[in-house]
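Hi,

I have a protein model to pass on to you, and I would like to share what turned up in it. Could you open it and keep it beside you while you read?

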Amino acid sequence: MNLTNKDFIELIERDYVRKVEQLHRHLLSIWTRFNFFITFEGLIISANFISDNKTFTKDLSIWVRILGLLTAVIWYCFSANDRYLVKIYRNHVDEAHKILCNLIEKYANMHLSIDFDMSVESATPVKSNFLGWRYKKIGLTDYATMVPLLMILFWGTYIISKIITC
């Protein structure tokens, strides 16, 4: 079976679209996991303060804190791995886009921009204010990794402070 130039370009285009879809699916799964862990950590924090205030559950308090710390460590491991995969998938999309643009230019005599940019820049400047801003050096997937680190810091500090005050 011989592929025509058009068939070959369509094959490469499908590869590009699939890679974009994979990145999209992965980003959705990141936020699903984030929502799960943030909810679970909230429940653990609530259980911690409830068990702290009840005299008959004082022995349970340390185990609730340890559960919170372990959950935060597991959450961080998931988030760091997710962040790494996002970088890989973005590279796959970028590489597939460059290949597609080169083929279209070569076989269809059309020029497309090969400077594919997955940034969130806009041709029209967008003003930042208190209700809408973005720090360019940190992306949303970075926040998804920083929150569990903050939870690890919270639980570690909280456990140490409770040990010191006992």
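**What was found**

Some ground rules come next. This is a predicted model, in which local features need pLDDT of at least 70 and side-chain atom pairs count only at pLDDT 80 or more, while totals for chains, interfaces and linings use all residues. Residues are numbered from 1 along each chain as its sequence is written, and side-chain values use heavy atoms, leaving out hydrogens and water.

**The overall picture**

The protein chain has three helices and zero strands, running α-α-α from the N terminus. Of the 166 residues in the protein chain, 26% are buried. Now take the contacts with a separation of 6 or more: 73% of them join residues 24 or more positions apart. A contact means heavy atoms within 4.5 Å.

**A cavity**

Rolling a probe the size of a water molecule over the atoms shows where empty space is left. In this method, a cavity is a set of points on a 1 Å grid over the protein atoms alone where a 1.4 Å probe fits but cannot get out, and its lining residues have an atom within 4 Å of a point. Points are joined across faces, edges and corners, and the volume is the space filled by probe spheres set on them.

How many cavities of 30 Å³ or more are there? The count comes to one. The largest cavity has a volume of about 50 Å³. Among the residues lining the largest cavity are Ile30, Phe37, Trp75 and Asp82. Helices α1 (5–53) and α2 (58–107) each supply at least two lining residues. The lining divides into six nonpolar, one polar and two charged residues.

Thr71 lies in helix α2 and counts as buried at 7% relative accessibility. Leaving aside neighbours within four places in sequence, Thr71 is in contact with Phe37, Phe40, Glu41 and Ile44.

**Salt bridges**

Side chains of opposite charge can pair when their charged atoms come close. The whole structure has four salt bridges, each a side-chain nitrogen of Lys or Arg within 4 Å of a carboxyl oxygen of Asp or Glu.

- Lys19 and Asp15 meet at 3.1 Å, N to O. They are four residues apart in helix α1, so about one helical turn separates them. Lys19 is partly exposed at 28%, and Asp15 is partly exposed at 30%.
- Asp142 and Arg83 have their closest N and O atoms 2.7 Å apart. Because Asp142 lies in helix α3 (residues 140–165) and Arg83 in helix α2, the pair ties together parts that are 59 residues apart in sequence. Asp142 and Arg83 are buried.
- Asp94 and Lys98 have their closest N and O atoms 3.5 Å apart. They sit four residues apart in helix α2, about one helical turn.

**Aromatic rings**

A pair of aromatic rings is described by the distance of the centres and the angle of the planes. Rings of Phe, Tyr and Trp (its six-membered ring) pair if their centres lie within 6.5 Å; planes under 30 degrees apart are stacked, over 60 edge-to-face, and the rest tilted.

The search finds ten aromatic pairs. Phe36 and Phe37 have ring centres 5.2 Å apart and planes at 75 degrees, so this pair is edge-to-face. Phe36 is partly exposed, at 49%, whereas Phe37 is buried, at 7%. Tyr158 now returns: with Phe154, Tyr158 forms a stacked pair, 5.7 Å centre to centre with 20 degrees between the planes. The two are four residues apart in helix α3, about one helical turn, and Phe154 is partly exposed at 29%.

Finally, ring pairs link Trp31, Phe34, Phe36, Phe37, Phe40, Trp75 and Phe78 into a cluster.

Happy exploring!

How values were computed
On a 1 Å grid over the protein atoms alone, a cavity is a set of points where a 1.4 Å probe fits but cannot get out, and a pocket is an open set with protein on both sides within 12 Å along at least five of seven lines; lining residues have an atom within 4 Å of a point. Ala, Val, Leu, Ile, Met, Phe, Trp, Tyr, Cys and Pro count as nonpolar, Asp, Glu, Lys and Arg as charged, and the others, Gly among them, as polar. Buried means under 20% relative accessible area, exposed over 50%, partly exposed in between (1.4 Å probe, protein chains only).
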